[in-house]
Amino acid sequence: MSFLCCPICDAMLKKDGRRWLCPAGHSYDIAKEGHTHLLPANRKHSAAPGDDKGMAAARAAFLSKGYYAPLKDALCELCCRFTGKQPAVLDSGCGEGYYTSAVYQALTDAGKQVDMAGIDISKDILRLAARREKRVDFAVASSYRLPAADRSVDLLLNCFSPLAIEEFYRVLKPGGVFLYVVPSAEHLWGLKQVLYEQPYPNEVRQTPYEGFQYELIHPVRDTITLTCPEDIQSLFQMTPYYWKTPKAGRERLAQLTTLTTDIAFDIHVFRRDV
């Protein structure tokens with residue numbers, strides 16, 4: 001049973017072979033890779049919204065090497081801690097499905113019966129996610145109009161993706177949990193020292209949101225060493241710095257064969273008011 005709903009009429013969707021159907025007759029084909037398009041044309045702000053193929057490929061290549069495994073492991077532990085025996089889990093802005101797949105496996109290994117979906121606005125990214133994990137329902141959709149029923153989700157993940165707090169409140173059950181991953185002050189400091197003459201720390205803040213209570217903030221800290229130019233460029237391409245780094249910084253980075261840098265994340269855990 002899925003908690004996905006029709007983006008046209010908001011009725012619950014039901015899988016019927018290679019398509020999703022709602023009671024009103026709206027139909028959505030499941031692509032050969034396994035994902036579904038649930039983003040109506042009038043809600044698209046460009047012909048190909050979200051990350052492009054290059055960024056999707058770079059992130060998939062980098063994450064597959066395990067550099068961000070400490071974050072993955074922390075997310076899995078928190079998801080197991082904050083869910084019951086039959087959780088409905090939504091990964092909003094799931095990207096290529098690296099964390100989605102890991103969380104699904106961890107919950108299953110913990111003996112839970114999981115109903116999980118991942119959404120992202122990028123069709124190119126979703127192709128990778130659906131190939132990676134066949135047991136999760138993936139859909140092209142916007143975080144600002146989630147294709148999920150009201151009060152249908154027990155746990156919502158958001159890793160470096162748009163914060164649509166009103167939508168998160170709408171789809172979470174009362175007492176449901178929301179995990180919000182953000183970079184901490186020193187994240188990728190070693191990379192930034194190469195790219196910029198005067199690097200600056202990321203802004204760190206605790207922001208209360210109406211309708212939610214803080215449970216905790218879980219820090220993840222480690223140091224990684226990238227040992228080949230391909231991994232260095234993959235990391236660079238999957239960051240916002242790729243679009244705003246001066247030519248001199250790009251040239252310095254291109255000359256490196258190894259790079260050591262801190263990784264630093266904060267997982268903010270919120271609980272929806274009952």
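Start with the crossing of helix 1 and helix 7, which is left-handed (the near helix is turned anticlockwise from the far one by less than a right angle; clockwise would be right-handed). Select residues 53–63 for helix 1 and 229–237 for helix 7; helices here are DSSP runs of H or I with at least four residues, strands are E runs of at least two, and both are numbered from the N terminus. Keep in mind that this is a predicted model, where local features need pLDDT of at least 70, side-chain atom pairs count only at pLDDT 80 or more, and totals for chains, interfaces and linings use all residues. Residues are numbered from 1 along each chain as its sequence is written, and side-chain values use heavy atoms, with hydrogens and water left out.

The two axes sit 8 Å apart at an angle of about 125° (axes are lines fitted to C-alpha atoms, for helices over the stretch in contact, with angles from 0 to 180 degrees between N-to-C directions). That makes the pair oblique, the label left over once angles under 35 degrees are called roughly parallel, over 145 roughly antiparallel and 65 to 115 roughly perpendicular.

Now show side chains. On helix 1, pick Gly54, Met55, Ala58, Ala61 and Phe62; on helix 7, pick Asp231, Ser234, Leu235 and Gln237. These make the contact, meaning heavy atoms within 4.5 Å. By class, there are five nonpolar, three polar and one charged residues.

Stay on helix 1 and colour its buried residues: Met55, Ala56, Ala58, Arg59, Ala60, Phe62 and Leu63. Buried is under 20% relative accessible area, exposed is over 50%, and partly exposed is in between (1.4 Å probe, protein chains only). Their cover includes helix 3 (98–109), helix 4 (123–132), strand 10 (212–226) and helix 7.

Next stop: helix 2, residues 69–81, against helix 3. Here the angle is about 45° and the axes are 9 Å apart, so this pair is oblique too, with a right-handed crossing. Helix 2 brings Ala69, Leu71, Lys72, Leu75, Cys76, Cys79 and Cys80, and helix 3 answers with Tyr98, Tyr99, Ala102, Val103, Ala106 and Leu107. The tally is 12 nonpolar, no polar and one charged residues.

Finish at His187, in the loop between strand 9 (172–183) and helix 6 (189–195). Its relative accessibility is 7%, so His187 counts as buried. Look for the backbone nitrogen of Ala264, 3.0 Å from a polar atom of the His187 side chain. Beyond neighbours within four places in sequence, His187 touches Tyr68, Lys192, Asn202, Asp262, Ile263, Ala264 and Phe265.

Notes. Ala, Val, Leu, Ile, Met, Phe, Trp, Tyr, Cys and Pro count as nonpolar, Asp, Glu, Lys and Arg as charged, and the others, Gly among them, as polar. A polar contact is a pair of N or O atoms within 3.5 Å; within protein, one must be able to donate a hydrogen and the other to accept it, and residues adjacent in sequence count only if both atoms are side-chain atoms.
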